[in-house]
Amino acid sequence: MKIVMVGSGYVGLVSGACLADFGHDVTCIDKLEGKIEALKRGEIPIFEPGLADLVKTNAAAGRLSFTTDLSGPVSRADAVFIAVGTPSRRGDGFADLSYVYAAAREIAQALDGYTVIVTKSTVPVGTGDEVERIVRELRPEADFAVVSNPEFLREGAAIEDFKRPDRIVIGTEDLRAQGVMGDVYRPLYLNSAPILNTSRRTAELTKYAANAFLATKITFINEMADLCEQVGANVQDVARGMGLDNRIGSKFLHAGPGYGGSCFPKDTLALIKTAQDYGTPTRIVETVAAVNDQRKRAMGRKVVAACGGSVRDKTIAVLGLTFKPGTDDMRDAPSLSIVTALQDAGARIRAFDPEGMEQAKALLPPEVIYCADAYECVAGADAAVIVTEWNIFRALDLDRVRSLMNAAVLVDLRNVYRAEQVRAKGFTYVDIGRGVLEPAAKGVGQAA
Ligand code: UDX
């Protein structure tokens with residue numbers, strides 16, 4: 001099959017490379033000439049495990065090519081995916097669809113023969129209808145269908161998620177288009193990935209509903225973690241006890257500093273906005289978004305408390321900046337709020353991240369000192385804070401860390417360590433939701 005991917009960002013590139021690996025003939029398009037030239041040389045603009053090799057292998061095999069010119073490849077394509085960005089619009093939080101609609105107009109001009117236009121970008125309900133209207137207006141005679149096929153790729157595990165998906169959602173009532181989409185994903189049938197054929201609007205909403213639900217799960221366990229700290233319970237055991245119930249499931253119940261990334265914050269806001277526009281506000285999701293925002297800032301206060309109530313003129317070592325491990329993505333990362341809060345409180349910040357420091361430099365205050373590794377980062381610090389659970393922070397030489405630090409305070413916002421292990425090394429150790437209270441501190445709810 002001939003497939004075109006309009007937009008060679010994260011989703012476009014991963015999807016394009018994986019579809020080429022299935023054996024399809026894929027052309028990835030982008031407006032940025034520099035990016036396309038780099039991709040042709042095999043340089044990948046993002047960090048995603050396995051992606052560079054996948055791109056190289058498929059480009060060498062002649063199944064994957066890159067160009068800025070959309071018209072030729074689209075005219076020959078069976079399916080054209082729109083995988084451009086849909087950032088939150090400044091001001092109202094609604095998804096900015098201008099790139100999607102611009103892509104639709106360009107695709108319309110180039111259509112030749114029956115073509116399935118697929119929205120892969122996360123787009124609000126009704127976007128597919130608008131794409132169809134735009135194309136129909138420009139090319140009344142064109143033979144095409146518009147399908148919604150949302151992605152569910154996690155950064156850091158995107159190739160695995162693409163090749164072994166929990167499900168594939170295909171939103172179209174056009175049977176011919178369903179057939180084309182079936183052919184696109186045929187190799188996945190071998191992995192018996194369930195395919196949900198549904199209406200376009202249902203597919204569009206499914207993506208938002210899934211992300212909002214996952215964000216809710218995380219926020220729920222984060223609130224339980226706060227409660228655990230107060231009542232002297234262990235959130236990891238609470239999560240395990242909950243998660244073993246099949247109706248709940250164990251995933252996305254890791255308490256932490258709040259969710260970040262390119263999807264959850266943006267998609268929850270967009271869903272909230274859509275629901276408000278339709279007069280059916282999603283109050284749970286509104287609360288989740290607000291609670292998560294507050295939580296990221298509260299993590300700064302947690303560090304201040306661990307330092308005895310003030311960080312003025314103290315040095316704080318921040319270990320991990322990206323919103324999660326396995327990526328260089330800093331979008332809506334909790335570290336942004338934490339570093340800013342600590343700096344506002346008078347702290348000096350030293351930071352280290354294995355992949356995200358270049359991205360971080362553009363977003364964090366200029367005073368932050370970037371270090372070459374974790375040990376350099378903690379040198380002279382009055383507290384170290386694990387913000388992202390990169391594997392290298394799971395196996396730190398704690399004796400060495402302690403000897404390098406000015407004061408041995410470790411704030412572990414990802415519960416990477418066991419409290420006894422760290423305290424035995426002489427640290428003051430603060431974690432998330434694994435409160436152990438002295439009996440005297442137990443009060444509320446106790447029998448007299
Ligand atoms: C997410 C969805 O998982 C994916 O299906 C969707 O298509 C895009 O958004 P991603 O943003 O890459 O993927 O990361 P994910 O692994 O889902 O984590 C999102 C955030 O939640 C991170 O900040 C992570 O640290 C946090 N998280 C996740 C928790 O705090 N606890 C958890 O239990 C899981």
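The ligand lies between domain 1 (2–198) and domain 2 (234–430), because both give residues to the shell around it; the domain bounds come from an automatic or database domain assignment. The structure is a predicted model, in which local features need pLDDT of at least 70 and side-chain atom pairs count only at pLDDT 80 or more, while totals for chains, interfaces and linings use all residues. Residues are numbered from 1 along each chain as its sequence is written.

A closer look at the ligand comes next. It is surrounded by 20 residues, the closest being Glu155, His254, Tyr259, Gly261 and Cys263; a residue is near a molecule if its C-beta atom, placed from the backbone, lies within 6 Å of it. Helix 10 (residues 200–231) contributes the most to this shell, with 3 residues, helices being DSSP runs (H or I, at least four residues) numbered from the N terminus.

The centres of domain 1 and domain 2, taken over C-alpha atoms, are 33 Å apart. Their contact takes 14 residues from domain 1 and 14 residues from domain 2, two residues being in contact if their C-beta atoms, placed from the backbone, lie within 7 Å.

Together with Val6, Ile107, Val303, Ile316 and Val385, Leu319 has the most contacts inside the largest nonpolar core, which has 132 residues. Such a core is a set of buried Ala, Val, Leu, Ile, Met, Phe, Trp, Tyr and Cys residues joined through C-beta atoms within 7 Å, buried meaning that 20 or more other C-beta atoms lie within 10 Å of a residue's own. Helix 10 gives the most to this core, with 9 residues.

Note on methods
Helices (H or I, at least four residues) and strands (E, at least two) are DSSP runs, numbered from the N terminus. A residue is buried if 20 or more other C-beta atoms lie within 10 Å of its own, exposed if 12 or fewer, and partly exposed in between; C-beta atoms are placed from the backbone.
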